[in-house]
Amino acid sequence: MSVGSKRSLLFLATVLILAPPVALPANAQQSRDPDQQPSPDLSFPESGEVLMQADELSYDKETRIVTASGNVELAYGERVLVADRVTYSETSGVVTADGNVALLDPQGDVAFADHLVLRNEMRDGVIDTLKVLLSDNSRLAGHSVVRSGGNITTLHRGVYSPCDICEEKGQTTPLWQIKAFRVIHNKQEKRIIYEDAFMEFFGVPVLYVPYFSHPDPTVKRQSGFLPPTIASSSELGQEVEVPYFWAISPDKDMTLIPRFTTKEGPVYQGEYRQRFESGRMEAFATGTWPRTRQTATPGDTDFRGSLFGDGEFDIDEYWKWSFRTELATDDTYLRKYDLSSATDLINNINATYVNGRNSFTADAYYFRGLLTTDSESTTPWVAPVLQYEYAYPDQILGGNIGLSANAMILGRNDGPQSRRVSSTVRWDKRETSTSGFVYRLFGSLRGDIYSVEDVPNTAVPGNDFEPQTIARALPTIGTEWSYPLARSDGGVHQVIEPIVQLIYSPNVGNTVEIPDEDSLSFEFDDTNLFSEDRFSGLDRWETGARANVGVRYSIYTPDGAQANALFGQSYRLEDNTSVAAETGLRDETSDYVGRVMVSPSNDFLVVYRFRMDDERFKVRRNEVNLLGRHGPVSAELGYGYYAADQSVTFQEREEIYLGSVLKLDEYWRLFGQTRRDLADDRTVANRIGVGYEDECVDASLMFSQSFYSDRDYEPDSSVIFQVTFKTLGTGSPAGARGFE
C-alpha cells in the first residue's frame, strides 16, 4: 500500500478514535446479509486512497493496527473488500479479513472466503478455502489458494462448473464439472488453466486430460476448438465435425471445420471473416475428393467443392458497393453433402448511391440453375442493370413528381439477347375531403427502347425474328377513391373501407418480339389487387381500361386481439391479351382474391389467402398459415393448394407442413417437423428430436429424413447429435471463442 494510502487510513482512524461518537452512513448502520455481494457499480477514486466504513473502528497506536468490525467495507481503487472483521497493519501493509469475506475485483469476479490475508494493495494473498463467482455466473473453488500480482490465482484441488445445484431435488453435484490438481486463473492472459484434470458428469469422471484451458468470462473472441457435431447418414455414413476457431486479429478470424465421413472421406470446410474501416466481408469454402464416383452423374469428378461469400463496403457518405458469390463445382454437391438446399445460385456485384429520396444502383448478375431441367447454355447473365430514382422536391399541380430510369443488357450462350433503356415520369396527388373521402389521382408516361436478337418466332417454330430495335410508349392515368368508416364501442375499434380504383392505358406495346425475361413470374393475389401495374418487371406492362374494386375491414379489441380481411376483384371493358389466361386477369371479370387474418391473442395467429374462379367458383389457390402457442406447446401449420392453371410458371401443387415444439419442463423439449406432398401422396421430409438446455449445457439429438432424389443425390436418413458446454466455447462455427 502506498504512503499516501497509509496516511489517509491512519488519519481516518485517528479522527474516529479521538472524536465523540457520530452516526455513520445509513448503509453502514444496517445489518448486512452475509450472502449479499458488494455492488459492482460503486465508484471509488483512483488516487490510491483507502475508503473504509464499518459499525466499529479502532486504532492501536502501539502496534499500529487498525481494526474494523461489523459490516466492514474497504475499497482500494476498484477493488472492494467486505467482511465481518478486518484488520490492517500499517507496519507490514497486510490486510486480514474474517467472517463472510467477499472480494470484488475490477473484472466483476467475486471471491468468497471465511478467512484471507492480503498484501500489496490487496493484490496478493493467501486463502485457505476460496469460492469465486465469475462474471458469467460460473463458479471456481479450491483449497490452499495463492493470489499474486492481482492477476494470477492458483487453486490446489480446484473445481470449475457453471451449473447450478438443485438441492430441492436432492442434487448434490452439478451436471458437469472439471476437477483438477491445480487450477490457475490468469487474468492478464484471460485464461483458466487446468493441470491433471478430470471432467465429471453427475460426479462420475468420464475424461482425463493432463492439461486443459479455456477463456475466462471476459473473453469475447479467442482461438480454440468449438463443440463438435456427431452424425450418422445413409448417404455419407458416420460423420464427425470438429470446428477450430482462429482469432487472427481483432478485425479478422477464421473457422476451420473439418468434417470426417466414413463413406466419402473428409470434407474440408472453412469460413473467413474480416471487418474493415469501411465495411466487412466473409467467405465460406468447402471441398472434397470423394471416394466413390458415379458414372454419368455430377459425382463423376475427382474434386467437388463450393465457395459462398458476400461483402459490403462504404465508399463515402452516399456511395457503397457490395458483392455476393455462390459457386459450386456441380449441380448436386451442395445437397448431397447437406451444405445447402439451394437449387439456384446467384452471383452479383452492386454499386448503390442514396441521397435522401434519390437513388442509383448498378448491378451485374450471373445465374446458375442446379436442377435437371436447367440448362447452362440458356441461363442468362445480366451486366449491367442500372436503375435511377429521382423525386422532384417541389409539388406540381398539388402532386408529387417522380422520375425513374432503367438500362439493362442481357445475354446467354443460346437464346434471346436483349438490351433495354426505359424511363418513366410519375405524378401522384392525395387529399382527404371534409366528409372523410380519400381521393388519389395519378398518372405516368413510360417509354422503352429495345434492341433484340435471336428471339424465337412463335408463329414459325424453329425460326427467329430478325435482329431489330423496338420503341414503345405507354401513358397511364388513374384515380382511386376510398371511404374509411371507423367505429369505437366499449374499447373495440372497427374500420371498414371500400376502395375503388379506375385505371386507363392504351392496349399497346406488348409483343412477342420483345423476349419476356423479368415478368414471367406473374401472380394475381391480395397483395397486388390495387397495383397500377401487376407485372414485377419491365418487359411486359399491364394495359387497357380496368377497375379494381375491394373492401378492407379491421377490428381491434382492448385486450390486444385483432383481425383484418380484404376481398376484391378486377374488371375490364374487354379481354386483355397483355396477360395470360392462367393469371385470372385476362377476362372482363377477374378471379376473386382475398385474405383473412385473425389473431385473438399474442399466442395465436391464422392467415388465410385464396383465389377463386369468378364463374365456376373453383378454388385456384388456397393458403393457410397457423401459428399458435398454448402452455408448453408451440406449433406451426401450413397448407397450400395451387391449381395447374393458376400461374404460367406453376404446376399443380398441394402440400402440408407441420412443425411443433413441446417443452416437457424447464429444460427438456421435444421438436418435430414434417412436409408432405398431397398431390403425389408422398412425404417430402421429416425431422424429430429431443433437446436439453440449462445454464451450463445445450444438447440435442435429432433424426431427419429427406425423400428427394436428383441424379447422384438419393433419399437420406441421418441422426445428428450436438452438445455445447456453455462457458467452454460456442456452438456456432462463426462463434466468438473456443477452448483448448
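## Charges over rings

In this predicted model, Arg653 sits over the face of Tyr642, 4.6 Å from the ring centre. You can find another such arrangement at Trp541: Arg472 lies over its face, at 4.0 Å from the ring centre.

## Rings meeting rings

Now for rings paired with rings. A pair of aromatic rings is described by the distance of the centres and the angle of the planes. The count here comes to 28 aromatic pairs. Take Tyr318 and Tyr353: their centres are 5.8 Å apart, with 45 degrees between the planes, and the pair is tilted. This pair links distant parts of the chain, 35 residues apart. Tyr318 is in the loop between β21 and β22, while Tyr353 belongs to strand β23.

Phe567 counts as partly exposed, at 37% relative accessibility.

Ring pairs can also build up into a group: Tyr160, Trp176, Tyr194, Phe201, Phe212 and Phe725 are linked into a cluster.

## The whole protein

Zoom out, and you'll find three helices and 42 strands. Of the 740 residues, 40% count as buried. The protein exposes about 38100 Å², with carbon and sulfur atoms supplying 56% of that area.

What about contacts between residues at least 6 apart in sequence? Among these, 48% join residues at least 24 apart.

Terms used
Residues are numbered from 1 along each chain as its sequence is written. This is a predicted model: local features need pLDDT of at least 70, side-chain atom pairs count only at pLDDT 80 or more; totals for chains, interfaces and linings use all residues. Side-chain values use heavy atoms; hydrogens and water are left out. Helices (H or I, at least four residues) and strands (E, at least two) are DSSP runs, numbered from the N terminus. Buried means under 20% relative accessible area, exposed over 50%, partly exposed in between (1.4 Å probe, protein chains only). Contact means heavy atoms within 4.5 Å. Accessible areas come from the Shrake-Rupley method with a 1.4 Å probe; for residues, only the protein chains shown count as cover. Rings of Phe, Tyr and Trp (its six-membered ring) pair if their centres lie within 6.5 Å; planes under 30 degrees apart count as stacked, over 60 as edge-to-face and the rest as tilted. A charge sits over a ring if NZ of Lys or CZ of Arg is within 6 Å of the ring centre and within 35 degrees of the ring normal.
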